[in-house]
Amino acid sequence: MGEVLCMGLTHYPGLLRADEEMSVLLRRRLEDPAVPEEWRQPQRWPVGMQDEWARDGGGVAAAQHRAAVLDGVDRLRAALDTFQPDFIVMWGDDQYENFRDDVIPAFCVLAYDDLEAKPWEAFPYANYWHEPTDATFKVRGSRQAATHIVSQLLADEFDVAYAYKPLHHPSLPHSFLNALLLLDHGRSGFDVPLVPITVNCYGRRVISSKGNPAPLGLQAPFDPTSPSPRRCFDLGRATARIVRDSPWRVALVASSSWSHAFLTDKHYRLFPDVASDRVLYQALVDGDWRVWRDLTLEAVENSGQQEILNWACLAGAMEELGASVDWSSFIETYLFNSTKVIALCQPV
Ligand SMILES: [Fe+2]
């Protein structure tokens, strides 16, 4: 019987930049002529957003945001260092990075061998660590573990795709790579093998918006939908059974922020749906799994929570394993695109 450690974190790209650049998404949104004039004024924003903005336009708030995230990430890293997993299974989204117009799998296990990643090669900003453009990071894979998981998911009638090498992205989509960069933000080295499972979180916007911020009113015809939250939840349950019944020690990790401002149309894509995130967070902490399993895609899209499908996989795994949240943090923000949740369970 395997031992399993469940956790979740963010892969927010703003954390890879300097503090003063962390609110760049909001600043760009404010330049969208389709945003009503009234909504450009801080008086129209939620009080929490006004507070973050008021001091200096977001610089102080960015430093606090980063500190809160890194405090949580440090707890996850300590738990991983203690647990010493044989490998990590991570659910993350692909934002028109590896999968594009030629194929969009609902779920794909990246059964890669070790690879080298150069995260700053196409990064158009100064990075937080001041690392050179050609800085190279080795990411260990585990084809043996990945192919076992694929075979067992197929046996359990989850028709997942798999890949032995990247398609369009030179290494790993940012949901996986950024999570690793944050887990090793102190740069002491991190060489736990990774089995990434991509979840088509962006669904109707994965090709039509290239999984990225888009101006209001310029919406190309929508693509087909994401897998449902229930399917993600059940995939997480199945994955948990597979690793529990294996001889390995495995960390199951969800990688994503929650509601995203740039996906929340009802807020003119200016700020995330924090209230809806709080409802799901309470259900996560309480282990009220019906809330997660019964989520509708309509509600997810209405709240800009597309990426939370990664966490629906984790929630399913937690229910299957009887795992509960041991430590967690709900990091509220309005300026920095998305709510961040960091959560950690005891190994089961
Ligand atoms: Fe993402």
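These exercises with solutions concern a predicted model.

**Exercise 1.** State which strands stand at the edges of the open sheet of eight strands, and why one side of each is left without a neighbour.

Solution. Start with the strand order, which is 6-3-7-2-8-1-10-9, with mixed pairing. Strand 6 (161-163) and strand 9 (325-331) are at the edges; each has a single partner strand, so one side of each lacks a neighbour in the sheet. From one strand to the next, the twist averages 20 degrees.

**Exercise 2.** Describe how strand 2 is joined to strand 7.

Solution. Strand 2 (residues 87-93) and strand 7 (residues 194-199) run parallel and are joined by six bridges. As an example, Trp91 has Ile197 in strand 7 as its bridge partner.

**Exercise 3.** Determine whether helix 6 is enclosed or open, and what it lies across.

Solution. A residue counts as buried if 20 or more other C-beta atoms lie within 10 Å of its own. In helix 6 (residues 174-183), 10 of the 10 residues are buried, so the helix is largely enclosed by the rest of the structure. The buried residues include His174, Ser175 and Asn178, as well as Phe176 and Leu177. Helix 6 lies across strand 1 (3-9), strand 2, strand 7 and strand 8 (249-255), and runs at about 125 degrees to strand 2.

**Exercise 4.** Locate the largest nonpolar core and one of its residues with the most contacts.

Solution. The largest nonpolar core has 86 residues, and Ala312 is one of those with the most contacts inside it. Helix 11 (residues 309-321) gives this core its largest share, nine residues. Leaving out residues up to four places away in sequence, Ala312 touches Pro229, Cys232, Phe233, Gly236, Trp292 and Leu295. A second, separate core has 15 residues, among them Met22 and Ala261.

Definitions and conventions
Residues numbered from 1 in each chain as written. Predicted model: local features only at pLDDT ≥ 70, side-chain atom pairs only at ≥ 80, totals over all residues. Buried ≥ 20, exposed ≤ 12 C-beta atoms within 10 Å, placed from the backbone. Helix = DSSP H or I, 4+ residues; strand = E, 2+ residues; numbered from the N terminus. Pairing = 2+ DSSP bridges. Axes fitted to C-alpha atoms, helices over the stretch in contact; angles between N-to-C directions. Contact = placed C-beta atoms within 7 Å. Core = buried A, V, L, I, M, F, W, Y, C linked by C-beta atoms within 7 Å.
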